[in-house]
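Welcome! Please take a look at the structure below, and then let us walk through a few of its residues together.

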Amino acid sequence: MYMPWSGSSIYSYFLHNIESFETAIENNNGLEGNALLVFISEDRTTSHLIKITYDNGECVRDTLKSYNFSECNYTTASGIASIITDAMDAAPAYSYAMAIGCHGMGWIPIGTNVTTRSRTTSLNGAGIQLTRFFGDTSNSNYQTDVTTLADGIILAGKKMEYILFDDCYMSNIETAYDLRNATNYLIASTCEIMIEGMPYAEIGVDLLNNNYKGIVDGFYDFYSTYSTPCGTIGVTDCSEAEEMANIMLQINTNYPAGVNDTDELQQLDGYTPSIFYDFGDYVSHLCQDQYLLAAFNEQLERLVPYKAATETYYSQLTGRQRPINAFSGLTISDPTTNQSVIEEMTQTNWHKATH
């Protein structure tokens, strides 16, 4: 579990996430031969690496190392690599996986000024639910680009079995493409995820066993009965991202003008204009060649083998739920007209590979 500093407002929820994972381990009577380590930042400069073991019916925490960063080392590739290496040295294994808890803005680069919590203060009245969206992310010193994360993992020398993002908006094709050489699978939400985050008590054992269907089912069962029943999740096989890029290059070459009306597309965010659109729904409106569309849909099945969504999604930006009529488990930002991100979008590795 990797929990870099993301602001004081979410720190207590990180602690709850750790406790929830311990509950799963205790209910399971052990870790089944796995090891669980946690990197967590308690403030901007102080972080700890903790090993969690199981003994006599309960979990035990052992702080292996404390870090006093004068700068944000965990936002650099070398810093991320050193933390991963410390974890690997403490728990040698055949394979590794990461659950990353923080705020999330998908593929959007650090420092991008889209909408911050300060602009939505007026929404924070009665009936507004908290999500894992914004907070300290307004300070770019404590943000990490997805490409930097990928570089750090590759620098550590061990490809992850999966990366689970316990953050908003991280299940998108741009991120999956950036991480294709750093992880086998990407597990994340297409939308904002509620402040509770991933239900580790329910899916912890599935995470230990790489049971992707179990992870998706457990997530859906938890959030379909949540106080605000909103939740989306997708499991992406990143080894299929390159072939999807090849198909999308053909589609974009045939239909360079894009879609005529983005209002018809399934939006999965709270931005105006929207930034994150359902991937499958977008291509179904874009591609009029039935053979090429069939090839896309077949590849999409391989790319996203597991997914689930409630009938609606929630955004703290708008303070309301919106219906989900189409869901493929991934979003794409190609059709966005949001001026805050258009230029940055064209610089993503995905966009360069598919246009």
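At 0% relative accessibility, tyrosine 169 counts as buried, where buried means under 20% relative accessible area, exposed over 50% and partly exposed in between (1.4 Å probe, protein chains only). Tyrosine 169 sits in the loop between strand E6 (160-166) and helix H4 (173-178). Helices (H or I, at least four residues) and strands (E, at least two) are DSSP runs, numbered from the N terminus. The phi angle of tyrosine 169 is near 65°, a positive value in a residue other than glycine.

A word on the background: this is a predicted model, in which local features need pLDDT of at least 70 and side-chain atom pairs count only at pLDDT 80 or more, while totals for chains, interfaces and linings use all residues. Residues are numbered from 1 along each chain as its sequence is written, and side-chain values use heavy atoms, leaving out hydrogens and water.

Asparagine 29 also has a positive phi without being a glycine. Here are the two residues side by side.

| Residue | Phi | Relative accessibility |
|---|---|---|
| Tyrosine 169 | near 65° | 0%, buried |
| Asparagine 29 | about 60° | 58%, exposed |

Asparagine 29 belongs to the loop between helix H1 (8-27) and strand E2 (36-41).

Now for a helix. H2 covers residues 77-90, and aspartate 86 is part of it. Among the buried residues of H2 are Ile80, Ile83, Ile84 and Ala87. An α-helix has 3.6 residues a turn, so residues three or four places apart point the same way.

Aspartate 86 is buried too, with a relative accessible area of 18%. What does its side chain meet in a polar contact? The partner is the side chain of tyrosine 67, at 2.8 Å. A polar contact is a pair of N or O atoms within 3.5 Å; within protein, one must be able to donate a hydrogen and the other to accept it, and residues adjacent in sequence count only if both atoms are side-chain atoms. Leaving aside residues up to four places away in sequence, aspartate 86 touches Leu49, Lys65 and Tyr67, contact meaning heavy atoms within 4.5 Å.

Finally, the loop between helix H7 (241-254) and strand E9 (277-278) holds proline 273. A cis peptide bond joins threonine 272 to proline 273, with omega about -10°.
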